[in-house]
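Subject: Structure for your review

Dear colleague,

Please find below the structure that I would like to hand over to you. I would be grateful if you read the notes after it with the structure open beside them.

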2 protein chains.
Amino acid sequence: MISILENATPATGFEASVLEVIKDRRSKRAYSNQPVEEDKIRSLFEAARWAPSSMNEQPWTYIYATKDEPELWNRIFETLSEGNRIWAVDAPLLIMSLARTKFIRNGRTNASAKYDLGAANAFLSLQATALGLNVHQMGGYDKEKLVENLNVPLDELEPGVVIAVGYSGDAEKLPDNLKQREEAPRLRYPQESFVMNKSF
Amino acid sequence: MISILENATPATGFEASVLEVIKDRRSKRAYSNQPVEEDKIRSLFEAARWAPSSMNEQPWTYIYATKDEPELWNRIFETLSEGNRIWAVDAPLLIMSLARTKFIRNGRTNASAKYDLGAANAFLSLQATALGLNVHQMGGYDKEKLVENLNVPLDELEPGVVIAVGYSGDAEKLPDNLKQREEAPRLRYPQESFVMNKSF
């Protein structure tokens, strides 16, 4: 472990003022069955659209499916890990995010593609929070199966997280262990453990 | 090129409503010499702190230097590419971001580290916008030299972008080509080119 993280323990509470959407964002698991409105879906991707990226390459791509289209929705859903399916089954909107791994201008590898996708999905998440929606990103899914189900061209795109989106629902219907996590305080390492004003 | 990007051309303007901080954020280059207040610096890192991450690993680390500490500030500045030094010379705050590449719990490789750093830096950028600050992320720097200058332990941390932060300054003092970019409309691919509601 690197020295600045020795003895560091995640804690709850804020150390400095931050935007309300940052304060309020949380990866919850209880979803209501209320559909996400079409104009809100467009706002989510609009937020991603305006993220910064290396050379303004904008290396993000999204496939989304609502429960109104059960065939497409299920192509994404069925690839999720069992632990994610337990709660994501209620999410009215599932989004597969992908990173375009080559530069459009010259076909060379874009080493920043996944990093930039992280930024775009972060913007999307805060926009969702502002719209009263919950977002939960998932790395736990069967990549091979999802690539097959959506016919992803792997020579151009690299699968990123799958994102569950929807309005918050009743935590009571979650299994006990997930219900506890839903209500537990959010934990973060203190700033002094990851912010330095000097060399290593 | 993948089919959905064929014939796509970046355009200006918004296609759907988004948060004001997302609308207003822009990677400008003209900085004033006004220092960034200490409490605002803490707010920037607080925003990064509350980003989501895989397994809540929070794999981000930051070294920051203000112009009040010219020795440390210069250790970062002198590694920037010439094209970045031209304008970043006026930035009162420089931040080196790093990704912790191994999980704290088990020492294994964290494949999401750079992706999660992208999210944390995105939160930081929007917080900066909300505080009236400009943020410009830079991939253009001499990595070997910066690692040496800051004594970065490469077995634990991977260098990410260097971030210039400060209040906006007078674009007139920039070289002509950069002045034009400062004032040109922001361009993004339209949603129809990167958002799909179907399989490939």
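Predicted model: local features only at pLDDT ≥ 70, side-chain atom pairs only at ≥ 80, totals over all residues.

**The contact between chains A and B**

Chain A and chain B each bring residues to their contact: 66 residues come from chain A and 66 residues from chain B. On the side of chain A that touches chain B, the elements giving two or more residues are α1 (20-24), α2 (38-49), β1 (60-66), α3 (70-77), α5 (113-130) and β5 (195-196) of chain A. The most is given by α5(A), with 13 residues. Sorted by class, this side of chain A holds 37 nonpolar, 18 polar and eleven charged residues.

The two chains are also linked by strand pairing. β5(A) pairs with strand β1 (residues 60-66) of chain B in the parallel sense, over two bridges. Within β1(B), B:I63 is the bridge partner of A:M196.

**Two helices of chain B**

In general, two packed helices are described by the angle between their axes and the distance between the axes. In chain B, helix α2 (residues 38-49) and helix α5 (residues 113-130) have axes that come within 7 Å and cross at roughly 140°. Angles over 145 degrees would count as roughly antiparallel and those from 65 to 115 as roughly perpendicular, so α2(B) is oblique to α5(B). Their crossing is right-handed.

Which residues of α2(B) and α5(B) make the contact? From α2(B) they are B:S43, B:L44, B:A47 and B:A48. From α5(B) they are B:A120, B:N121, B:F123, B:L124, B:L126, B:Q127 and B:A128. By class, eight residues in this contact of α2(B) with α5(B) are nonpolar and three are polar, with no charged residues.

**Strand β4 of chain B**

Strand β4 (residues 157-166) of chain B is mostly covered, as eight of its ten residues are buried. β4(B) pairs with strand β2 (residues 93-100) of chain B, to which it runs antiparallel and is joined by seven bridges. One of the pairs to look for is B:L94 with its bridge partner in β4(B), B:A164.

β4(B) also pairs with strand β3 (residues 134-138) of chain B, again in the antiparallel sense, over five bridges. Here B:V135 has B:V165 of β4(B) as its bridge partner.

Yours sincerely,
A colleague

Technical notes
Residues numbered from 1 in each chain as written. Chains lettered and ligands numbered in written order. Axes fitted to C-alpha atoms, helices over the stretch in contact; angles between N-to-C directions. Helix = DSSP H or I, 4+ residues; strand = E, 2+ residues; numbered from the N terminus. Parallel < 35°, antiparallel > 145°, perpendicular 65-115°, else oblique. Left-handed = near helix turned anticlockwise from the far one by under 90°. Contact = placed C-beta atoms within 7 Å. Nonpolar A, V, L, I, M, F, W, Y, C, P; charged D, E, K, R; others polar. Buried ≥ 20, exposed ≤ 12 C-beta atoms within 10 Å, placed from the backbone. Pairing = 2+ DSSP bridges.
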